[in-house]
Amino acid sequence: MSKIVTPYQNEQVTKKEQVADMFNNISKTYDFLNHFLSLGIDIIWRKKAINELKENQPKLILDVATGTGDFAFEALSILKPEKIIGVDISQGMLDIAQQKITKRGLGDKFEIKLGDSEKLPFSDNQFDAVTVAYGVRNFEHLEKGLADIQRVLKTGGKAVVLEFSKPKAFPVKQLYNFYFNYITPGIGKLFSKDSRAYTYLPESVAAFPDGERFTAMMEKVGFKNTKCRPLAFGICSIYTGIK
Ligand SMILES: C[S@@+](CC[C@H](N)C(=O)[O-])C[C@H]1O[C@@H](n2cnc3c(N)ncnc32)[C@H](O)[C@@H]1O
């Protein structure tokens, strides 16, 4: 069995608890570092992923691993659903999301809830769409998380997952590895109070089963018509599947 990559490499504590702790630690600098480290490109990738749902016009959306809410805000602005619910295991990240919801006056449209992707606090067949941005890589049990996302989707509903992947072509692969392994951890350490968080980032991306391995797992838990759309030479990928 392959080694589970965790933020603090502490074998006494589950990956889930370590991930929640890590995001609690970095919640205040998360938004700034996201945009800074990606040179703002993360905003374009989020828009592209949400656009995958345009033809479906979902009314009720679940945003899993919603964090500080940026993917959900993008969905609200592009798709104009009746409601979006965001779940996350980090209260610190959700507190920032709540501040943004209140500031933007979106309390009736965007609701947040503390919750685990592997045990979603919702009944079966509830949502028209489920979204996850940069979350699946952090799940402790990826297959279990995907199966639960499939469970809460309505039949015919669509899941959209945005996640880092591993570019294969020269020189993007080499540049990306250099940036991710050396530049990102340095800047992350400087600005966030957690020196491990931005070292865990490339490690978790390296360990993540991207591309066809991920769509195969989606199919295994019951998704149909799965697709993988690489962005920026494979730095990121958008995965979609239908229940
Ligand atoms: C990199 S952040 C992404 C946040 C947001 N989706 C975005 O696009 O900025 C990953 C988030 O996944 C959450 N997370 C990790 N494992 C989770 C799980 N099992 N259930 C729910 N949320 C989880 C973390 O707490 C964190 O807020």
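**Around the ligand, then out to the helices**

By class, the shell around the ligand holds nine nonpolar, seven polar and three charged residues. Here Ala, Val, Leu, Ile, Met, Phe, Trp, Tyr, Cys and Pro count as nonpolar, Asp, Glu, Lys and Arg as charged, and the others, Gly among them, as polar. This is a predicted model, in which local features need pLDDT of at least 70 and side-chain atom pairs count only at pLDDT 80 or more, while totals for chains, interfaces and linings use all residues. Residues are numbered from 1 along each chain as its sequence is written, and side-chain values use heavy atoms, with hydrogens and water left out.

Start at the ligand. Of the 19 residues around it, Tyr 30, Arg 46, Ala 65, Asp 88 and Ser 117 come nearest. A residue is near if one of its heavy atoms lies within 4 Å of the molecule. Helix 1 (residues 15-37) gives the largest share of the shell, four residues. Helices are DSSP runs (H or I, at least four residues), strands are too (E, at least two), and both are numbered from the N terminus.

Now look at the ligand's nitrogen atoms. A backbone N or O atom of Ala 65 lies 2.8 Å from a ligand nitrogen. For a backbone N or O atom of Ile 89, the distance to a ligand nitrogen is 3.4 Å. Asp 116 places a polar side-chain atom 3.0 Å from a nitrogen atom of the ligand. The protein covers 99% of the 600 Å² of accessible area that the ligand has on its own. Such areas come from the Shrake-Rupley method with a 1.4 Å probe.

Next, the helices. Two packed helices are described by the angle between their axes and the distance between the axes. Helix 1 packs on helix 7 (residues 197-207) at about 100°, with the axes 10 Å apart. Axes are lines fitted to C-alpha atoms over the stretch in contact, and angles run from 0 to 180 degrees between N-to-C directions. The two helices are therefore roughly perpendicular, a label for angles of 65 to 115 degrees.

Finally, the backbone. Most residues other than glycine have a negative phi, and most peptide bonds are trans. Gln 9, in the segment before helix 1, has a positive phi of about 50°. A cis peptide bond joins Phe 170 and Pro 171.

Technical notes. A polar contact is a pair of N or O atoms within 3.5 Å; within protein, one must be able to donate a hydrogen and the other to accept it, and residues adjacent in sequence count only if both atoms are side-chain atoms. Angles under 35 degrees count as roughly parallel, over 145 as roughly antiparallel, 65 to 115 as roughly perpendicular and the rest as oblique.
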